[in-house]
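Please look over the sequence and the 3D structure below. The briefing that follows goes through them topic by topic.

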Amino acid sequence: MSPLGLIVLSIASVGWGLNFPIMKHLLTEWPPLSSRGLCGIVGAAALALIALARRETLRVPKGMWLRLLLVSTLSLGGWVAFMGLALLWLSASEAAVLGISIPVWVAFLAWPILGERLSLLRALSLTVALAGIAVLIGGNGFDASVEKLPGILCALAGAVCVGLGTVLTKHFPLAMQPLSLAAWQIGLGCLPIAVIGLAVEQPQLAALSGIGWASMVYITLIQFCVCYVCWFAALERLPAATASIGTLLVPVVGVVAAAAMLNEPLGLREVAALVITLGGVAVALRA
């Protein structure tokens with residue numbers, strides 16, 4: 001266990017967790033596709049510069065463009081678009097908890113694609129995780145859940161996209177250096193989102209307040225740059241299982257930060273859903 005690895009893992013997890021309430025606030029000033037897509041493009045360019053400064057090549061190996069585009073569209077494009085849209089209907093804390101379901105979809109999709117059969121313990125733990133999500137979704141009654149259904153479906157669609165992208169990455173490995181791979185994935189994934197957002201949403205720079213600009217800077221530099229650099233640094237120093245479990249800090253930070261920054265409710269329902277879901281996913285990852 002590298003102390004530095006744990007530190008950079010914590011930085012990445014906290015940074016990603018804070019992004020939920022920050023993005024939720026930004027949506028009051030700028031539309032979701034434009035804001036997340038443009039931030040991603042700038043963040044990808046910054047990561048590319050960091051990679052070049054570290055003497056990493058940005059060259060994509062021959063024959064890898066198709067799989068890189070596919071994985072980028074799913075893992076980054078799908079998550080950026082669907083989670084941004086989900087926040088139009090959901091609170092930041094609800095979106096953060098639904099985001100924990102990614103390992104559930106990875107496990108389910110790895111069975112038919114990679115042939116990785118589910119053990120009984122892992123299947124039970126993933127069922128518990130889904131039960132925690134059900135507590136969150138159904139806690140406010142049927143009518144409230146129906147009103148939030150588009151957001152719930154978008155958040156789950158984003159999680160499924162990341163899960164499928166993760167499984168395909170394992171099935172079709174991308175032989176590239178970490179920062180270069182992140183720069184390409186973020187850039188390729190966010191470019192179509194930004195183009196669609198600019199065409200459909202037609203955002204206005206004048207609509208951004210000082211806090212709005214600060215939010216854009218945070219999403220660009222912290223979420224897409226610092227957090228990814230720290231994440232890859234953690235993977236170099238920690239076992240993959242440890243790093244994966246460490247990211248469970250993300251929804252915890254997201255829920256607590258949403259309560260502190262946006263005055264979102266943090267009652268028994270939210271805490272119960274968070275604990276049940278985290279517990280199920282943690283056991284599944286350990287299994």
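**Cysteines**

The sulfur of Cys154 has its closest cysteine sulfur in Cys161, 10 Å away, which is too far for a bond. A disulfide is a pair of cysteine sulfur atoms within 2.5 Å, and the structure holds zero disulfides. This is a predicted model, in which local features need pLDDT of at least 70 and side-chain atom pairs count only at pLDDT 80 or more, while totals for chains, interfaces and linings use all residues. Residues are numbered from 1 along each chain as its sequence is written, and side-chain values use heavy atoms, with hydrogens and water left out.

- Cys161 is in no disulfide, as the nearest cysteine sulfur is that of Cys154, 10 Å away.
- Cys154 counts as buried because its relative accessibility is 14% (buried means under 20% relative accessible area, exposed over 50%, partly exposed in between, with a 1.4 Å probe and protein chains only).
- Cys161 also counts as buried, at 15% relative accessibility.

**Salt bridge**

- The structure holds one salt bridge (a side-chain nitrogen of Lys or Arg within 4 Å of a carboxyl oxygen of Asp or Glu).
- Its partners are Glu94 and Lys148, whose closest N and O atoms are 2.5 Å apart.
- Glu94 lies in helix α4 (residues 92-99) and Lys148 in the loop between α7 and α8 (149-171), so the pair ties together parts that are 54 residues apart in sequence.
- Glu94 is buried, with a relative accessible area of 6%, whereas Lys148 counts as partly exposed at 22% relative accessibility.

**Helices**

- Helices are DSSP runs of H or I with at least four residues, and strands are runs of E with at least two, numbered from the N terminus.
- Helix α3 (residues 65-86) has 22 residues and reaches 30 Å from its first C-alpha to its last, close to the 32 Å expected (1.5 Å times one less than its number of residues).
- At Gly77, α3 bends by about 35° (the angle between axes fitted to the seven residues ending there and the seven starting there).
- Leu4 is placed in helix α1 (residues 3-26) and counts as partly exposed, at 45% relative accessibility.
- From Leu4 to Leu205 is 201 residues in sequence and 39 Å in space, C-alpha to C-alpha.

**Confidence**

- The chain has a mean pLDDT of 86, and 94% of its residues reach 70 or more (pLDDT is the predictor's confidence in each residue, from 0 to 100).
- Among the elements of the chain, helix α2 (residues 32-53) has the highest mean pLDDT (94) and helix α7 (residues 142-147) the lowest (66).
- Where pLDDT is low, the predicted coordinates should not be read in detail.
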